[in-house]
Each structure stands twice: as structure tokens, then as C-alpha cells.
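Keep the structure open beside the text and find each residue as it is named.

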Amino acid sequence: MSARGRAALCLLFLLSLNQTLLCVTAGKILVWPAEFSHWLNMKIIIDELITRGHSVTIVTHSATPSVMTEQSPGYNVEIIQVPHSKKDVIDILDRLLNYWMYDLPNTNTIQAFLKLSEFIDNIFEQHQVLCRALFAREDLLEKWRKEKFDVLLTDPVTICRELLAQKLNLPFINRLRFSFASVIERLCGQLPAPPSYVPAVGMGYTDHMDFPQRVKNILFIVFQDIMFNLMFKLKWDHLFTEVMGKPTTLCETIGKADIWLIRMYWDFEYPRPLLPNFKSVGGLHCKPAKPLPKDMEDFVQSSGDDGIVVFSMGSMIKNLTKERANTIASALGQIPQKVLWRYTGKKPEALASNTRLYDWIPQNDLLGHPKTKAFITHGGINGIYEAIYHGVPMVGLPLFADQPDNINHMKTKGAAVMLDFNKIETNDLKQAVEDVINNPSYKESMMRLSRIHHDQPVKPLDQAVFWVEFVMRNKGAKHLRVEAHNLTWYQYHCLDVAAFLLSVIALVVFIFVKTCTWLFRKCFRKTPAKSKKE
């Protein structure tokens, strides 16, 4: 056989071997994602898993506003029919966002609590309808049992996903970001969070807290724990017990997660303890910038040496008031930079010639463009990590949920200016943008964070995929779960040990006092005979 023939035969053998290895190592993954930015972030992992030869089945519902429902190469999609519509889902979210953005700042605490509870109840009701609809499909559950999936990949920001893993007896992986859900990580995941230096989300504190801040931090955490425990017990535990056919709690079920993929890294988060099954994968969606569409590139290049400002309030914000939109547009019109603003709504009357509106922008590619000087953002974690990845300082206009906390992190690290969305005036926004662009400290701070982000032994996406495949290979990762999951609250805090030791000390002290008293009386008490003689 000729040398060329032998080479061809070797190549054919290697290709066959590669295909065999793919068949052996490829697995079946069940994915039940959350919506909007959570879905976009999850899709990055799914696409990489498919690229590596795994089969992926996505579970969603007929009213999903954002999750892909069409069949695509590598995707299997199971759609659960629910009685509500996509419009119903979006209406509740829009009303919640409108209230949070415009009414909440002017409402007293009790009224705000009651109103937010009403919105949360409406959202939970939709989640519970979906949950019951899925577990009523015994035919679908049996089909999935026969398919023998290797792992369930999910997001506990919406509840009930982890229950599916229990019903199918699958190991599962939670993927989330430290936020209001940090209560779930702490209560259900047993993640240590010393309140002396781990600030509660929503307080606006850093890891350097003075005494009054630590007092408030502890009180707020206690309040959070009480409220979440009540919510779990009243809203969900009965449903979990009903589905499983035995006493089951939400927190117990979530706590059985094999791996927690956390959407953060130490470029953004304050240092804090992590457990062996908590893995940092912040910025896994970030990637080098690609060329812009021609018309957009022409507009960017027309900015000259002044450069551009990228402005996006995320995919969920479509309801800026006329007054607020004009305030922002007027401020943007007074800066020398060209502005690309992702905006859906009526065109602001104050819109200047240096600003262009887009229904959608390639945000990552724009942030990676050499002419980008600043990023105006609502503080979503995806956008923040793209800014860190490309080293672009920010002006934050946080609106709701974890966004104020996200922007506060960047402000603390010297990479952002934070403004109050409900109180900003035209000059406030103009001045903030100019400060971020003209004061070199913001750019230097962001570049330092960017270097930290890039200086990792394994890329975040590769890290996430590795741990998914790790759980598949090892049929779970129970060996990484701490024993705290099997302890009661008083055992976890060693209160039983403290009570025992205090009891022993009290007994020893009691015996010592009694002995001393007896000896004192024995030695110094006068006997009757001696007293009579005297």
C-alpha cells in the first residue's frame, strides 16, 4: 500500500475512533430553563453541550415569552400546555415593573409589601398551574423515564424544576446568580454567609460594614429568612408533598442539587466562602466582538475621536414614561459622543441627532468596539459581565430586583457611577456620562477587573460544561455536598453541644458550691460538747 493510502486509512481509523468516543461519551440532558436573560445565559451552555455531541431536551410551556419553542438541530422541545397565554405572563411582569419603577419609591413600606406580595402571588399562581400541568402528564413522565436522562439542568429562580429531578430520580444542577435567591442558597444550599462581612442583597452595603450596618444587616437577614420560610411553607410545601406523595419541602428538594453554577466571579463579587459544589461561572456568555452590521458600523465610525456610548435597559423594559424618555434623550443630546440606544416605544421628542434608536443591538459586539467609551445600563448581570469582559466603564440606572446591588458592586470597585432612575434630571445623566468618560480612574478600574476576569485557569463556559459532564459521568456529585444538609438547625449551629457543655459546667459549679458549703460547715461549725464546756 502506498504512503498516501496508509495515511488515508489512518485518517479513516481516527475518524471512526472519534465517532465511537462521541457515542460513548455523549449523554442525554433535560433542561427546564427560566425566562428572558436567564434563558439567554442558559442557551449558551446548551449550545456548547450540543456542540460536544450531547442530546438536549428543553421543557417549556405554551405561554413562554422568551424560551425557544421551535425544533432546531440538536434541540428537542417539550411544550406543556397551560391555560394562560403569553400575554397574561407579560402583562403581570409589565405591571410589576411599572409599579417597581414608578410607584414603589413613593409608597410606604406596608403598602409596598402588600402590593409586591400580590404580584408575587400572581406569578406563583402561574408557576403552580404549570407545575400541576406537567405532573398530570404521566405519559410524558413515563416517556422521560424510559429515555434515561443523565442530568437535569435548571434555574431555581422559578420554582418546581427541582421537583422534576426528584420524580425522575435524576441528579440536577442549579444555575443562578447571588441575588434575592441568595436566601435559597443559604437556607437550602447550606452556603455559609457570615453576616459580619457578607451583605444581604438589597441593603446596598459592601463587605466593609461598620457596627450599625452589621446590626441592620443581621436584622434584615433574619427578616428575609422568616419571610422566605413562610412563603415556602404556605405557597409550595403542600404542592411538593402532593406531587411526591410524602411529606416534602421545597427547601429540602432544592438542597439536593448536585452542583450550583453561580453566575459570578471574584472580579465582581466580594470575597466570601463557597462550598465544594458551588462553582463560579460568571461571564460564561462573553466572547470577542464580531464586526457590526454595515449601517451601524458607519454610524459608529462617524463619531470620530469622541467615540460612542452604548445604552440598553434590557429586553424587559418597554415602558418608559414620556417624561422619563425625554429627560434621558435630552441628556444624551448634550454629549459629544454618538449614542446607540436600545429602545422600544414612542420616539422621544427630545431625541437629538447624535442618538439613534434600535429595537435590538448586538450589545457584546458594541461593547467590544474600540470606539466605545461608556455603557449606560440598568444593571443586568449579563450586561455587566460583557462590560467587564471588554473593559467598558458604566453609568448605572438600576430598576428592580438585583440590579441596584449589581451596580453598587461596580460603584464600590470604582468602575461605575450609580444614579436613581426616578430622580435623575437631564444634567445628572449628562454629568455622569462625562465623568465616566473623562475621568481616567473609571476606565483604569474597569480594565483591572477585566484583567482579573480574563486571568482564569479555565474559561467560565468550559468550567460550566465540565461540571455538567462531571455530574453525568459520575451519576451525580453527592460526595461534594456538605453534611449540613442532614443536620437540624440546632445541630448545624451546635446549639445542642452548647447546651450540653453549659449543662456540664452548671453541674460542676453546682457540685463545687455544694461541696465547699459542706466542707465549710464541717470545719467551722461548733460541736455541741465543745460549746457546753465553754
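A polar contact is a pair of N or O atoms within 3.5 Å; within protein, one atom must be able to donate a hydrogen and the other to accept it, and residues adjacent in sequence count only if both atoms are side-chain atoms. The side chains of Gln363 and Ser312 are joined by such a contact, at 3.4 Å. Gln363 sits in helix H12, residues 363-367. Helices (H or I, at least four residues) and strands (E, at least two) are DSSP runs, numbered from the N terminus. Gln363 counts as buried, with 17% relative accessibility. Buried means under 20% relative accessible area, exposed means over 50%, and partly exposed lies in between (1.4 Å probe, protein chains only).

The model is predicted, so local features need pLDDT of at least 70 and side-chain atom pairs count only at pLDDT 80 or more, while totals for chains, interfaces and linings use all residues. Residues are numbered from 1 along each chain as its sequence is written, and side-chain values use heavy atoms, with hydrogens and water left out.

**Salt bridges**

A salt bridge is a side-chain nitrogen of Lys or Arg within 4 Å of a carboxyl oxygen of Asp or Glu. The whole structure holds 20 of them.

| Arg137 | Asp139 | 3.1 Å |

Start with Arg137 and Asp139. Arg137 is partly exposed, at 30% relative accessible area. Asp139 is exposed, at 53%.

Where do the partners Lys478 and Asp258 lie in the chain? Lys478 is in the loop between helix H17 (460-473) and H18. Asp258 is in the loop between H9 and strand E6 (259-262). Lys478 is partly exposed, with 46% relative accessibility. Asp258 is buried, at 0%.

Lys430 and Glu434 belong to one helix, H15 (residues 426-438). They are four residues apart, which means that about one helical turn separates them. Lys430 counts as buried, at 17% relative accessibility. Elsewhere, salt bridges with shared partners join Glu48, Arg52, Asp462 and Glu469 into one network.

**Cavities**

A cavity is a set of points where a 1.4 Å probe fits but cannot get out. A pocket is an open set with protein on both sides within 12 Å along at least five of seven lines. Lining residues have an atom within 4 Å of a point. Grid points are joined across faces, edges and corners, and a volume is the space filled by probe spheres set on the points.

The structure has two cavities of 30 Å³ or more. H7 supplies the largest share, three residues. By class, the lining of the largest cavity has 11 nonpolar, three polar and six charged residues. Ala, Val, Leu, Ile, Met, Phe, Trp, Tyr, Cys and Pro count as nonpolar, Asp, Glu, Lys and Arg as charged, and the others, Gly among them, as polar.

The second largest cavity has a volume of about 30 Å³. Its lining includes Asn41, Arg263, His285 and Tyr385. Helix H13 (residues 381-390) gives the largest share, three residues. This lining divides into three nonpolar, five polar and one charged.

**The second largest pocket**

About 930 Å³ of space lies in the second largest pocket. Its lining has 32 residues, and Arg186, Leu187, Gln190, Trp489 and His493 lie nearest its centre. Two or more lining residues come from each of helix H7 (182-187), helix H8 (211-244), helix H9 (250-254) and helix H18 (489-492). H8 gives the most, with 10 residues. The lining of this pocket has 18 nonpolar, seven polar and seven charged residues.

Notes:
1 Å grid on protein atoms, 1.4 Å probe; cavity = no way out; pocket = protein on both sides within 12 Å on 5 of 7 lines; lining within 4 Å.
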